[in-house]
Each structure stands twice: as C-alpha cells, then as structure tokens.
Amino acid sequence: MTMPVQASEPATARPAFVPDLRRTGLAARLSAEALGTLFVMVVGLGVPLFAVPQYNPMSASLAAGLALTAAMLAFGYLSGGHFNPAVTVGNAIAGRIGALDAAAYLGAQLAGALLGALTLFGVLRTVPKLNGTQTAFDTVAAGFDSRSVIQAPMAGVLLVEVLGAALLVAVYLGTTAGRNPAKAAAPFAVGLSMAVLLQLGQ
C-alpha cells in the first residue's frame with residue numbers, strides 16, 4: 001500500500017521581478033532602484049522638455065512607459081523593478097517586502113528622481129535662448145485650477161492621481177504574481193499601463 005505524497009511548492013512560486021533577498025544585497029537593490037528611477041525621470045520629463053513635436057512625434061507618456069519597461073528589464077532582477085513609491089507601498093502591503101526595506105527603497109527612488117531632475121535642470125541652464133528653467137518646467141507640468149488647461153480642480157486631480165497609482169500597483173502586483181503564467185511579460189504590461197495612465201492624467 002502506498003501513501004499519498006503531498007506535492008511540493010513549484011519552484012516558480014516566488015513572483016517574477018521580486019529578488020531573492022538571500023542572493024541580492026540591499027546596496028545592490030537600492031542602487032538598481034535609484035538608477036531605474038533616474039532613467040524613468042530623465043526620459044519621462046526630458047522628452048517633453050527637449051522634443052520638437054513636428055520632428056519627434058513620440059508622446060511623453062509613451063516615452064515614460066517605454067523607459068519604465070526598459071528599466072524593469074535591465075534592473076528588475078536585482079530590486080524587483082519598482083521605480084515608483086506607490087509600487088513599493090503596494091508591495092509592502094502585499095507582504096512582498098519588509099517595512100525597513102520599503103523605506104530604503106523610497107529613499108533610493110527619491111534620490112534617483114532628484115538626481116534626474118537636477119540633471120535636466122543643469123542641461124536647461126546651458127540653453128542660451130531659454131528665458132528661464134522655471135518656464136520650461138511649467139510647460140510640461142500638468143497642474144490644477146489656473147495651471148490646468150481645463151481648469152481641473154484639485155479634488156479632481158487628486159482623484160485621478162489616486163486612481164492612476166492604484167491601477168498601476170494592481171497591474172504590477174497582478175503581472176508579477178507567481179501564479180500568473182504571463183509574468184515574463186510584466187515589464188511590458190507595467191510600462192504600457194504607465195503610458196496610458198500618464199496620458200489619462202494629462
């Protein structure tokens with residue numbers, strides 16, 4: 001008589017793009033988060049700042065989405081490819097990352113984004129015919145009330161921001177889940193989601 005043997009957990013149970021903390025040190029993960037966030041920031045903000053629409057028709061939203069896809073493909077195996085505070089908070093709530101690591105990720109993302117913005121600011125300062133860097137940044141920043149083309153109130157803008165962040169986190173968590181047979185396509189799903197959500201926000 002044979003006894004039933006309980007099936008073991010499949011080797012693919014761990015979500016894709018969630019690093020094995022035993023193999024990847026915190027410093028490497030934080031460096032990946034900072035570098036990936038810097039790349040997304042430079043492309044996502046740099047394209048609308050420097051592109052001439054009639055010669056370069058790629059929208060800023062698509063550029064940012066493609067940059068996020070590339071960053072996830074390049075650095076996701078190290079850090080999990082968050083590159084966004086909302087995604088990190090979502091991973092922490094889902095129990096995929098500890099609170100201390102999540103706080104460190106947020107710091108690394110902030111540092112990367114700040115360095116990317118400062119780099120663009122430095123480049124803009126070298127352009128002789130630009131009246132001011134503040135004017136340049138104002139032209140690409142979506143605002144509210146008097147700074148919005150449609151006079152969108154702050155409540156509406158906040159609602160769109162919260163909705164967009166929630167949907168992006170949902171796509172990330174869903175596509176990187178271990179049970180998802182299409183988890184290898186997670187960078188593309190997250191990048192495309194970012195592109196369409198940015199277009200919605202604009």
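**Exercise 1.** In which helix does Ala 104 lie? State whether Ala 104 is buried, partly exposed or exposed.

*Solution.* The model is predicted: local features need pLDDT of at least 70, side-chain atom pairs count only at pLDDT 80 or more, and totals for chains, interfaces and linings use all residues. Residues are numbered from 1 along each chain as its sequence is written, and side-chain values use heavy atoms, with hydrogens and water left out.

Step 1. Ala 104 belongs to helix α4. Helices (H or I, at least four residues) and strands (E, at least two) are DSSP runs numbered from the N terminus.

Step 2. The relative accessible area of Ala 104 is 23%. Buried means under 20%, exposed over 50% and partly exposed in between, with a 1.4 Å probe and protein chains only. Ala 104 is therefore partly exposed.

Step 3. From Ala 104 to Ala 27 the C-alpha distance is 9.7 Å, at a sequence separation of 77 residues.

**Exercise 2.** Compare the span of helix α4 with the expected one, and list the buried residues of α4.

*Solution.* Step 1. α4 covers residues 99-125, which is 27 residues. The expected span is 1.5 Å times one less than the number of residues.

Step 2. First C-alpha to last, α4 reaches 39 Å, close to the expected 39 Å.

Step 3. Asp 101, Ala 102, Tyr 105, Ala 108, Gln 109, Gly 112, Ala 113, Gly 116, Leu 120 and Leu 124 are buried in α4. An α-helix has 3.6 residues a turn, so residues three or four places apart point the same way.

**Exercise 3.** Describe how helix α3 and helix α6 cross, and the residues of their contact.

*Solution.* Step 1. The axes of α3 (residues 85-93) and α6 (residues 154-175) come within 9 Å and cross at roughly 55 degrees. Axes are lines fitted to C-alpha atoms, for helices over the stretch in contact, and angles run from 0 to 180 degrees between N-to-C directions.

Step 2. Under 35 degrees counts as roughly parallel, over 145 as roughly antiparallel, 65 to 115 as roughly perpendicular and the rest as oblique. α3 is therefore oblique to α6.

Step 3. Contact means heavy atoms within 4.5 Å. Ala 86, Val 87, Gly 90 and Asn 91 of α3 touch Ala 165, Leu 168, Val 169, Tyr 172 and Leu 173 of α6.

**Exercise 4.** What is the orientation of α2 relative to α7?

*Solution.* Step 1. α2 (residues 60-79) and α7 (residues 186-201) pack at about 155 degrees, with axes 7 Å apart.

Step 2. The two helices are therefore roughly antiparallel.
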